[in-house]
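Here is my note on the model, point by point. Please read it with the structure open.

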Amino acid sequence: MYEMRMLSTAAEHEEAAALVQDRQNWLAMHGLPVPARADIPAQFREAQTLSAGLFEDGRLLACMIPEHSPDLGWGQGSCLHLGCVHTLPGQSDDITRLITLWASDFAARLDLHVVRAETLARHALEAEPLAALLRRLTDTGWDVCGSGPGRDGDRVARLELPAELRPGLRPLISCQVHAPQPAPDDRSGV
């Protein structure tokens, strides 16, 4: 059984930072872009960062920062924003599919209509290897909504996923993620 839960201990935060570093090293070795302006591993080390992880039998498979975001500067309306999503290198696309299913269900349970995320896109969206990643994401239900500056200033591909209640998912993925507060850099004051 899989478990999506908040990272709560210093050891879990350190494990998530190591996972991010491993993923970023893997991306660099495969000629894929890594964030230039943000120290993502440091964000996961900070106890005040409300980050979550996907676990299988106590093993961290992925980590992210789920936020309620009234305004990303693109898209319309409030959303569940999945920031800094990183998966353990060497895993199948099933981890991405599980995150996708969970996020869609979690957003629906929060009465949000959409999940949004960003992935680095230093080149045209049709250029490989980014195009292959975007095809895999669209195959799991994500929509590509163009590109532009991301939250950290890097050029990104913008992704949206419709929220959908998935009651049959709960026996597969236990969810212990609390409802996220609005992202700190949002201007809405909600």
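1. **The aromatic pair.** Trp102 and Phe106 are both buried. This is a predicted model, and a search of the whole structure finds one aromatic pair. The ring centres of Trp102 and Phe106 lie 4.9 Å apart with planes at 15°, so the pair is stacked. Planes under 30 degrees apart count as stacked. Trp102 and Phe106 are four residues apart in helix α3, which puts about one helical turn between them. An α-helix has 3.6 residues a turn, so residues three or four places apart point the same way.

2. **The core.** Which residues touch the most other members of the largest nonpolar core? Trp102 is one of them, along with Met4, Phe44 and Leu82. That core has 46 residues. Helix α3, residues 94-109, supplies the largest share of the core, with seven residues. In soluble globular proteins, nonpolar side chains tend to be buried together.

3. The bridge partner of Met4 in β2 is Leu54. β1 and β2 pair antiparallel, over five bridges. β1 also runs parallel to β8, joined by four bridges. There, Glu3 has Ser174 of β8 as its bridge partner. β1 is mostly covered, with four of its five residues buried.

4. **The sheet.** How many strands form the open sheet, and in what order? There are eight, in the order β6-β7-β5-β4-β3-β2-β1-β8, with mixed pairing. β6 (143-149) and β8 (173-176) are the edge strands, each pairing on one side only. Neighbouring strands are turned by 25° against each other on average, direction ignored.

5. **β2, β3 and the loop between them.** β2 and β3 (residues 59-69) run antiparallel and are joined by five bridges. Phe55 stands opposite Leu60 in β3. The loop between β2 and β3 holds Asp57. Phi of Asp57 is positive, near 50°, in a residue other than glycine. Is Asp57 buried or exposed? Asp57 is exposed, with a relative accessible area of 71%.

6. **Helix α1 on the sheet.** Where does helix α1 lie? Helix α1 (residues 10-29) lies across β1 (2-6), β2, β3 and β4 (79-87). α1 runs at about 95° to β3.

7. **Helix α4.** α4 packs on the sheet too, where it touches β5 (114-120), β6 and β7 (155-162). The direction of α4 makes about 165° with that of β5. Which residues of α4 are buried? They are Leu130, Ala131, Ala132, Leu134 and Leu137. The cover over these buried residues of α4 includes α3, β5, β6 and β7.

8. **Backbone around α4.** Please check the peptide bond between Glu128 and Pro129: it is cis, with omega about 5°. Pro129 is in the loop between β5 and α4. After α4 comes Gly141, with a positive phi near 120°.

9. **The loop between α3 and β5.** Asp111 sits in this loop. Asp111 is not a glycine, yet its phi is positive, about 60°. At 65% relative accessibility, Asp111 counts as exposed. The cut-off for exposed is over 50%.

10. **Confidence.** The mean pLDDT of the chain is 87, and 93% of the residues reach 70 or more. Which element has the lowest mean pLDDT, and which the highest? Helix α4 (residues 130-139) has the lowest, at 90, and strand β2 (residues 52-56) the highest, at 96. Residues 186-190 need a separate remark: pLDDT stays under 50 there. For residues 186-190 the model has eight contacts beyond four places in sequence.

How values were computed
Residues numbered from 1 in each chain as written. Predicted model: local features only at pLDDT ≥ 70, side-chain atom pairs only at ≥ 80, totals over all residues. Heavy atoms only, no water. pLDDT = per-residue confidence, 0-100. Helix = DSSP H or I, 4+ residues; strand = E, 2+ residues; numbered from the N terminus. Contact = heavy atoms within 4.5 Å. Core = buried A, V, L, I, M, F, W, Y, C linked by side-chain atoms within 4.5 Å. Buried < 20%, exposed > 50% of the residue type's maximum accessible area, 1.4 Å probe, protein only. Pairing = 2+ DSSP bridges. Axes fitted to C-alpha atoms, helices over the stretch in contact; angles between N-to-C directions. Phe/Tyr/Trp six-rings, centres within 6.5 Å; stacked < 30°, edge-to-face > 60°.
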